[in-house]
Amino acid sequence: MDRRTYLKGIFAAGVLGTASFSLFKWFDLNKPIDASALWDKKALIAEMAEMIIPRTDTPGAKDANVHTYIINVILNCNPVRQQHKFYYGLEDLEKYAQDQYGKDFLKCDASQKQSILEHSAKNAEYSNRILNKINNKLLGQSFFSKLKSLTVEGYCLSMAGATQGLAYDYIPGKFEACIPLKPNQKSWATK
Amino acid sequence: MIYISDKSKKLDTYDAIVIGSGISGGWAAMELCKQGLKTLLLERGRDVKHLQDYPTANLNPWDFKLGFNNTLEDRQRDPVQSNAYTPADKHFYVSDADHPYIQEKPFDWYRGYHVGGRSLTWGRQCYRLSDLDFGANLKDGNGVDWPIRYKDIAPWYAYAEKHIGVSGQKENLSQLPDGEYLPPMELNCIERHLSESIKKNDQHRLLTIARVANLTRGWDSRGPCQNRNLCSRGCPFGGYFSSNSSTIPAAMATGNLVLRPFSIVTEILYDEQKQKAKGVRVIDTITSEVHEFYAKIVFVNASTIATAGILLNSTSSRFPNGFGNGSDQVGHNLMDHHASAGASGAHDQFADQYYKGRRPCGFLIPRYRNLHDHENLGFTRGYNIQGHGERQEWSDKVNGLAGFGKDFKAQLSTPGPWTVWMAGWGECLPYYNNQVTLDHSQKDKWGQPLLKIDFAFEDNEKKMMDDIEATCGEMLEKAGFRDVATFNYHKRGGSTVHEMGTARMGHDPRTSVLNQFNQMHEAKNVFITDGSCMASSASQNPSLTYMALTARASHFAAEELKKGNL
């Protein structure tokens, strides 16, 4: 490691130490997460996913059963450390709801939920790209970015999301290389 | 599947044996069968039948419970293969845990052990090499001179192209000769724009549609391609060429083929008296029994690294260092293209234009470096650029779009700006020290020594990557792209899955393994026509060259056999 990288590391560790809410739980991070505990958060995850991709004139995240997708991917495909980060993120968010409004997130009204999720979104990323990179590497993607990217993925790959929220072309047949965009044209679900 | 219980030598004896059923082995089998030779095609993995063994080919995205994410278990078991596969095509990759190898330096060895091999998952790009490539070693002194020139292989390129069906555009370039093409796929708006800009700014460069083995019209009872872009799952329309969809059925139709899956070739057997190969030794992976099969000629098409392994493992008093290895070149000179460096950018024009369908290929900017002497670029040889243009979709946007809710959803589901991503596929020189050896201290579950791969890119490749970044960035800037970002992914060796060079062709038996007909210098009835025969890597995707060389060698072998020379 050269000196510059080393100093960057020290600097990052200092900043992350104060900003990462789950760093103190570092030592728990290597044990696998309890799957049933995460499944217990299904309603909470579903609610937040729906806030990210709400039902409009097209289906929303709940219609597409995105919460099930998110939990399955977290449990089966994410490293243990990332699983914890996600789970603690949920706990932190619930705690924040209690601290701010004295009730469960799911019992909060729409504007309270909105401000809670905005708070979470605000804390999701450092404005500094290098810090983001280091933070993601050390601790995994932040809770909110993970939730958001899995919501998008789960929705856009779902039947409701792909065929109604987006445009899905099962067997295109012909390739039309340059065609005028139609009014309200949705983007293609698959590449 | 066949099982041979009869020990009589007659049933175990064929005119020809082909080891490996991938893209070149399938060709060898077809050509030998068509020449009337009773041919045994050996494949170490399972059978994969065209159409019926493509379990994911018709699935929708929502049929995959975990999307296209691999599980933690997948990644632990298959640390290399899982970088390439997804749940949609995982069944066409080996398990690293079951098929270990040793990485002396980081090297990704992607494999498909089943009938058809990697011809099911290949990138389908079909480019001819030119005399710029065949003459390069002689000219700059790297490696040994190719014993052939373009005129020797040109008719066989045409022969191969006419069989497999290649869509493409003729461009009349000396460094990238034209072939026999079906109608080309089409460039989209942004690609046309980039093409025009390149043409305007540099008379030595042009952008053309990729030349691919995807059928733009029906061909040989297959296709046409339906523009689904799901090729690596196997195509239910036979829209692209693979051993499974084409050469193996054609070989089968002659009545001369015996296909034997689950058969690991451990050795080529040498006949001391006749000074030729007499056959092969095989482990049946179902019964664990060892069989010997005999033939007048043997084609080795196990893939570059595995072919080297078989040769090195076939020792005798005549060949203490490995079969046909008097030159001590077997296993050496391993090459892989580098495809790490490039550039991307976005463009604000054509906001009212889109496309329909998923074209299964991108574009090509043929080689434009070192076409002439004295370019003084600090590196020898060259690269071509491959890339594609598209409008940003949800997967490109998810990380860049702030916020959440209704507006976020609306932005997510509309086409974003046009972008182009492009990268250089670069030539890798043949270095003696880049090599495959056997480690006899470690064995696989069949008791066979593990292959050890020791490979690194050197200074010439690294300098070329810097030049790729610079020229790609420049071409995008000149075409009015914004947010142009150049990159070098520093990918591991093997990542381009173009391994070549471990049993090279050459004039001289002291410095090469094969002659101008891919015939082993030291055992005239053994032919090697997979990537291991390559004396240099050029920068073109190599499969078409393997197919052309295989067809050529197969005809030569059959003629020699008829003449009684083998």
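## Conventions

Two strands are taken to pair if DSSP finds at least two bridges between them, and helices (H or I, at least four residues) and strands (E, at least two) are DSSP runs numbered from the N terminus. This is a predicted model, in which local features need pLDDT of at least 70 and side-chain atom pairs count only at pLDDT 80 or more, while totals for chains, interfaces and linings use all residues. Residues are numbered from 1 along each chain as its sequence is written, and chains are lettered from A in the order in which they are written.

## The sheet of chain B

In chain B, strand S12 (residues 383-391) and strand S13 (residues 418-426) pair in the antiparallel sense over 9 bridges, and B:Tyr383 has B:Gly426 as its bridge partner in S13(B). Both strands belong to an open, antiparallel sheet of 6 strands, ordered S4-S11-S12-S13-S9-S16. Strands S4 (208-209) and S16 (482-488) of chain B are at the edges with a single partner strand each, so one side of each has no neighbour in the sheet.

Helix H11 (residues 459-478) of chain B lies across S9 (341-347), S12, S13 and S16 of that chain, running at about 15° to S9(B).

The domain assignment of chain B gives domain 1 (14-55 + 85-167 + 242-337 + 431-453 + 498-566) and domain 2 (170-210 + 339-426 + 458-492), with bounds that come from an automatic or database assignment. Their C-alpha centres lie 33 Å apart. The contact (C-beta atoms, placed from the backbone, within 7 Å) takes 22 residues from domain 1 of chain B and 24 residues from domain 2 of chain B. On the domain 1 side, H5(B) supplies the largest share, 5 residues.

Note on methods
Contact = placed C-beta atoms within 7 Å. Axes fitted to C-alpha atoms, helices over the stretch in contact; angles between N-to-C directions.
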